[in-house]
Amino acid sequence: MAALHKWPTAFGAVEYERLPAALEELARAHARRALASTESCEPLALIDQAVSIGACAEALLKAVLAAIDIHLVRGQSAGIETTLTLAGRPEQPDRPLPDMWTVGALEAAQVLNRATPACVHLPEALLTRIVTVRDSAVHMGFVDRAESERALADLVVLVDRVLSIRRELGQPADWAAFWSPKRLDRADVILRARTEPVVELIELSEDNLPLLLDAAVADADPLEVMAPVPGPPGWTEQRKEAFLAFHRDRALHPTCPNERTFVITVGGLVVGAARLEPHGDDVEAGVWIGRSRRGQGVGGRVAARLRELAARTGARRVTAVTTPDNIAARRIIHSGLGARPHVEGDEVTGAAELC
């Protein structure tokens, strides 16, 4: 019975012994493709990204398993043809491509954890969103941009973790080479963001409004977070009452709120507020952050999230306004909202088209 010397892949037939390297090459190609897809607003680009996110995770896990033992990539439903092929002995040598059953992404993670010491286990929860986003794209043609971006972040963390496991196993694991010089900076940014404290936007309510006031009093000047109120400098009782009244009238009005306001939390602690105010086809965004949290990238992450929320409303543009001397706000407008600040008199405005 003839031996199978080469394995058919998207990059052509490879020597049987090179299957782990071929799978890693496939994983790298999908990882870079997933990052590149973030630059497009085409609907099919989201599906392409979701598929590549899932394919990268699965191929990378199989590469690790194949390097340990080629038979570990055999799926539970595998029959005699898969077994013979993995053994290098196809049942029908003249048949060009036997039917193959191999492990899926979730099963691959489980097999990997059974085959490695507990100290290097892979958290299977990392794969949940990746698989969900991939499957919804493949089976239903549906991808939510925000969910896809979060799945992409999960993938970057997964790659980092899998490469750590490979180092423990004595397998090649080069983070920079995996992403390539062109995509490395973007991957580094995503990984740093996931290792930083979680930044969340929580809809303003009567329950968290007092917490927002406490954050403002402790870490911001009244003029930075509200309209001027006559009186001595600092947080007087009149200013505190005006702060509460403003938000109750603008965002918590029971019948006709003017805007959506969100409490910004970092690691569960309230550090500021963000808002979205509709103006026809535009949505105006606004952010304030306590002084102790400025310069840490929080504003940019909040602005990016506001852009996502604005897009979901069907608005055509998201806009923002600040003053010429507010360098931090101008940076947020540019990097977070994706708008180029325009200076006119004592105002700086920015507008970004939403696709």
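How many bridges join β5 to strand β6 (residues 282-289)? Eight bridges join them, and the two strands run antiparallel. This briefing describes a predicted model, in which local features need pLDDT of at least 70, side-chain atom pairs count only at pLDDT 80 or more, and totals for chains, interfaces and linings use all residues. Residues are numbered from 1 along each chain as its sequence is written, and side-chain values use heavy atoms, with hydrogens and water left out.

**Overall make-up**

- The secondary structure of the protein comes to 12 helices and nine strands; helices (H or I, at least four residues) and strands (E, at least two) are DSSP runs, numbered from the N terminus.
- Of the 355 residues in the protein, 42% are buried; buried means under 20% relative accessible area, exposed over 50%, and partly exposed in between, with a 1.4 Å probe and protein chains only.
- Among contacts between residues at least 6 apart in sequence, 61% join residues at least 24 apart, where contact means heavy atoms within 4.5 Å.

**The sheet**

- Seven strands form an open sheet with mixed pairing, in the order β3-β4-β5-β6-β7-β9-β8; two strands pair if DSSP finds at least two bridges between them.
- The edge strands, each pairing on one side only, are β3 (199-203) and β8 (342-344).
- From one strand to the next, the twist averages 30°.
- In a regular strand the side chains alternate between the two faces of the sheet.

- Strands β3 and β4 pair in the antiparallel sense over five bridges, and leucine 201 stands opposite isoleucine 264 in β4.
- Strand β4 (residues 260-266) is largely enclosed by the rest of the structure, because six of its seven residues are buried.
- Strand β4 is joined by seven bridges to strand β5 (residues 269-279), and the two run antiparallel.
- Across this pairing, phenylalanine 262 stands opposite alanine 274 in β5, and threonine 265 stands opposite valine 270 in β5.
- Alanine 274 also has a bridge partner in β6, namely valine 287.
- The hairpin of β4 and β5 has two residues between the strands, and glycine 267 takes a positive phi near 60° there.
- The hairpin of β5 and β6 likewise has two residues between the strands, with glycine 280 at a positive phi near 65°.

**Strands β7 to β9**

- Strand β7 (residues 317-322) and strand β9 (residues 347-353) run antiparallel and are joined by six bridges.
- Threonine 322 stands opposite valine 348 in β9.
- Valine 343 has its place in strand β8 and counts as partly exposed, at 43% relative accessibility.
- Not counting residues up to four places away in sequence, valine 343 touches Pro324, Arg330 and Val348.
- The C-alpha atoms of valine 343 and arginine 330 are separated by 10.0 Å, the two residues being 13 residues apart along the chain.

**Helix packing: α2 and α4**

- Two packed helices are described by the angle between their axes and the distance between the axes.
- Helix α2 (residues 43-68) packs with helix α4 (residues 105-115) at an angle of about 35°, and their axes are 9 Å apart.
- Axes are lines fitted to C-alpha atoms, for helices over the stretch in contact, and angles run from 0 to 180 degrees between N-to-C directions.
- Helix α2 passes α4 in a left-handed crossing; a crossing is left-handed if the near helix is turned anticlockwise from the far one by less than a right angle, and right-handed if clockwise.
- On the α2 side, Glu58, Leu61, Val64, Leu65 and Ile68 meet Ala105, Ala108, Ala109, Val111 and Leu112 in α4.
- The residues of this contact divide into nine nonpolar, no polar and one charged; Ala, Val, Leu, Ile, Met, Phe, Trp, Tyr, Cys and Pro count as nonpolar, Asp, Glu, Lys and Arg as charged, and the others, Gly among them, as polar.

- The 18 residues of helix α1 (residues 19-36) should span 26 Å at 1.5 Å a residue, which agrees with the 26 Å between its end C-alpha atoms; the expected span is 1.5 Å times one less than the number of residues.
- Among the buried residues of α1 are Leu19, Pro20, Glu24 and His30.
- Serine 180 lies in helix α7 (residues 175-195) and is buried, with a relative accessible area of 14%.
- Phi of serine 180 is near 80°, a positive value in a residue other than glycine.
- Most residues other than glycine have a negative phi.
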